[in-house]
Amino acid sequence: MKISILDDYFDTLRTLDCFTKLDGHEVTIWNDHVQELDALAERLRDTQALVLIRERTAIRAPLLERLTSLELISQRSVYPHIDVDACTALGIVVSSSQHPGTPSFAAAELTWALVLAAMRQIPQQMQSLESGNWQSGIGYGLRGKTLGIYGYGRIGKVVAGYGEAFGMNILVWAREASLERARSDGYATAPDKATFFSECDVLSLHMRLVDATRGIVTADDLARMKPTALLVNTSRAPLIAPGALVAALAAGRPGMAAVDVYEEEPVRDAGHPLFEMDNVVCTPHIGYVTRDEFEIQFSDIFDQIVAYADGTPINVVNPEVLASAKLRR
């Protein structure tokens, strides 16, 4: 099959052990990011199987309608960036492993790295040292503080465990089923959302972005946070109402933020308002970007291609398309 891989920024995938699963196929890898319709259509015009790296490129109907050779989109995890209905109408299979029961330890570890970096002002202290100065301020410790986990899923549970190991008090807010799981794991749950935001010293978001969670963190929520509190977002930027975080930080509640995700990605504007705030630690959506995590993710993604090529597609999110004549037999 003719396989195209988009957005492999550092040409990493061909160095993975699992890349050998694509032996015998014709693979083209693109290392830059392009979203323009005409450019993408030209790049992918002969592609039969398209590999996506998470949500880096949106795949919508106007593009799909021009990819007459495309048979399969293979990726991992959620797929809000893919027009699945258009894929179904055009006879394109979408395979995406949802890796049940397996958290992204890489994302949880990055979350904790951001907590430590922000609370101890590590980037600011490094900048001071590199500028020929010595200490530039004083940070905050974690022991005895309250760590809030908003959304108690697979990653939230792991982050709660890290907080417990650091001597923090864990407080959870989520939908009722998740609150029950948190209680059964021995963690305290907040009586309501307002109390949750007002009591947390560190508050970390761990929810998927769906219609029900878009903008779920409001300006009023942020205004309830302590002026010494830290808001961490390694999930998705639109969980927070547009513009609310920048305004809240400017107003002093919360006092700090650490973010790995943005409304529009990749961010190329060095003048982004979050980058200009000295009370914010920013990273470029690297929560899942480790060699270990890539081996796990792309082993699944390449297995989906192999299965499709063998005529037995797996992890199909639009199974109604399997009756299409486009499917390999």
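Helices α4 and α6 sit oblique to each other, because their axes cross at roughly 45 degrees. This is a predicted model, so treat what follows as a tour of that prediction. Besides the helix pair, we'll stop at a salt bridge and a histidine in a loop.

**The α4 and α6 pair**
- Helix α4 covers residues 105-119 and helix α6 covers residues 154-165, and their axes come within 9 Å.
- As for handedness, the crossing of α4 and α6 is right-handed.
- On the α4 side, the contact is made by Phe105, Ala107, Ala108, Glu109, Thr111 and Trp112.
- Across from them, α6 brings in Ile155, Val158, Val159, Tyr162 and Gly163.

**Salt bridges**
- Side chains of opposite charge can pair when their charged atoms come close.
- The count of salt bridges here comes to 13.

**His272 in its loop**
- You'll find His272 in the loop between β11 (256-259) and β12 (280-282).
- The His272 side chain reaches the backbone nitrogen of Leu274 at 3.1 Å.
- Setting aside neighbours within four places in sequence, His272 is in contact with Tyr262 and Val267.

Methods. Residues are numbered from 1 along each chain as its sequence is written. This is a predicted model: local features need pLDDT of at least 70, side-chain atom pairs count only at pLDDT 80 or more; totals for chains, interfaces and linings use all residues. Side-chain values use heavy atoms; hydrogens and water are left out. Helices (H or I, at least four residues) and strands (E, at least two) are DSSP runs, numbered from the N terminus. A polar contact is a pair of N or O atoms within 3.5 Å; within protein, one must be able to donate a hydrogen and the other to accept it, and residues adjacent in sequence count only if both atoms are side-chain atoms. Contact means heavy atoms within 4.5 Å. Axes are lines fitted to C-alpha atoms, for helices over the stretch in contact, and angles run from 0 to 180 degrees between N-to-C directions. Angles under 35 degrees count as roughly parallel, over 145 as roughly antiparallel, 65 to 115 as roughly perpendicular and the rest as oblique. A crossing is left-handed if the near helix is turned anticlockwise from the far one by less than a right angle, and right-handed if clockwise. A salt bridge is a side-chain nitrogen of Lys or Arg within 4 Å of a carboxyl oxygen of Asp or Glu.
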